[in-house]
Amino acid sequence: MKRRLINSGSINRNGNSDEEEWSEMTDFILDGWRSHLLVLTVTLICYVNGLRGDFVHDDIPAITMNRDVLGYNPLSHLFLNDFWGTSMGDVASHKSYRPLTTLTFR
């Protein structure tokens with residue numbers, strides 16, 4: 001049996017060579033990508049039929065009639081109004097403060 005000299009830097013603390021460890025790491029990353037792709041595919045299959053649907057229930061006043069979402073009010077009003085576009089100081093305000101959600105609809 002022939003022995004070869006191995007550079008001490010190529011053996012890691014687990015006793016594996018750097019190439020073996022790199023191969024294991026890339027296999028793990030690829031397996032991770034496959035699992036992410038599977039989750040994405042299943043999610044798309046579940047929700048793709050809702051992409052062409054209409055707004056329902058509270059979507060109509062919250063999105064299609066909200067002046068903050070439609071861009072009629074200045075951007076600063078997103079931080080002054082509730083989710084429905086009513087001023088937070090108004091007695092009729094729902095007091096549901098969600099400026100980032102409202103911004104995503106804009």
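This is a predicted model: local features need pLDDT of at least 70, side-chain atom pairs count only at pLDDT 80 or more; totals for chains, interfaces and linings use all residues.
M65 counts as exposed, at 56% relative accessibility; exposed means over 50% relative accessible area, buried under 20% and partly exposed in between, with a 1.4 Å probe and protein chains only. M65 lies in the loop between α2 and α3, where helices (H or I) are DSSP runs of at least four residues and strands (E) of at least two, numbered from the N terminus. Leaving aside neighbours within four places in sequence, M65 is in contact with I60 and L70; a contact means heavy atoms within 4.5 Å.

Residues are numbered from 1 along each chain as its sequence is written, and side-chain values use heavy atoms, with hydrogens and water left out.

**The chain as a whole**

The secondary structure comes to four helices and zero strands, so to speak in the order α-α-α-α from the N terminus on. The average pLDDT (the predictor's confidence in each residue, from 0 to 100) is 78 for the chain, and 75% of the residues score at least 70. Among the elements, helix α1 (residues 18-47) has the lowest mean pLDDT, 78, while α3 has the highest, 88.

Of the 106 residues in the chain, 16% are buried. The accessible surface comes to about 9100 Å², and carbon and sulfur atoms hold 62% of that surface; accessible areas come from the Shrake-Rupley method with a 1.4 Å probe, and for residues only the protein chains shown count as cover. As for contacts with a separation of 6 or more, 23% of them join residues 24 or more positions apart.

**The loop between α1 and α2**

Two residues of this loop are worth a look. F55 has its place in the loop between α1 and α2 and is partly exposed, with a relative accessible area of 45%. Beyond its neighbours within four places in sequence, F55 is in contact with I60, I63 and T64. I60 is also one of the contacts of M65.

H57 is found in the loop between α1 and α2 (59-64). H57 has a positive phi of about 50° although it is not a glycine. Most residues other than glycine have a negative phi. K95, in the loop between α3 and α4, has a positive phi too, of about 65°, and is not a glycine either.

| Residue | Relative accessible area | Class |
|---|---|---|
| N81 | 7% | buried |
| F83 | 8% | buried |
| S96 | 11% | buried |
| W84 | 23% | partly exposed |
| K95 | 47% | partly exposed |
| H57 | 74% | exposed |

N81 sits in the loop between α3 (67-70) and α4 (99-105). Which side chain does the side chain of N81 meet in a polar contact? The partner is the side chain of D68, at 2.9 Å. A polar contact is a pair of N or O atoms within 3.5 Å; within protein, one must be able to donate a hydrogen and the other to accept it, and residues adjacent in sequence count only if both atoms are side-chain atoms. Apart from neighbours within four places in sequence, N81 is in contact with D68, N73, T86, S87, M88 and Y97.

Turning to the rings, there are two aromatic pairs. Rings of Phe, Tyr and Trp (its six-membered ring) pair if their centres lie within 6.5 Å; planes under 30 degrees apart count as stacked, over 60 as edge-to-face and the rest as tilted. F83 and W84 form an edge-to-face pair, 5.2 Å centre to centre with 80° between the planes. Together with F105, F83 and W84 form one aromatic cluster.

F83 also has a charge over its ring: R98 lies over the face of F83, at 4.0 Å from the ring centre. The rule here is NZ of Lys or CZ of Arg within 6 Å of the ring centre and within 35 degrees of the ring normal.

S96 is found in the loop between α3 and α4. The side chain of S96 makes a polar contact with the side chain of W84, at 3.4 Å. Not counting residues up to four places away in sequence, S96 touches D82, F83 and W84.
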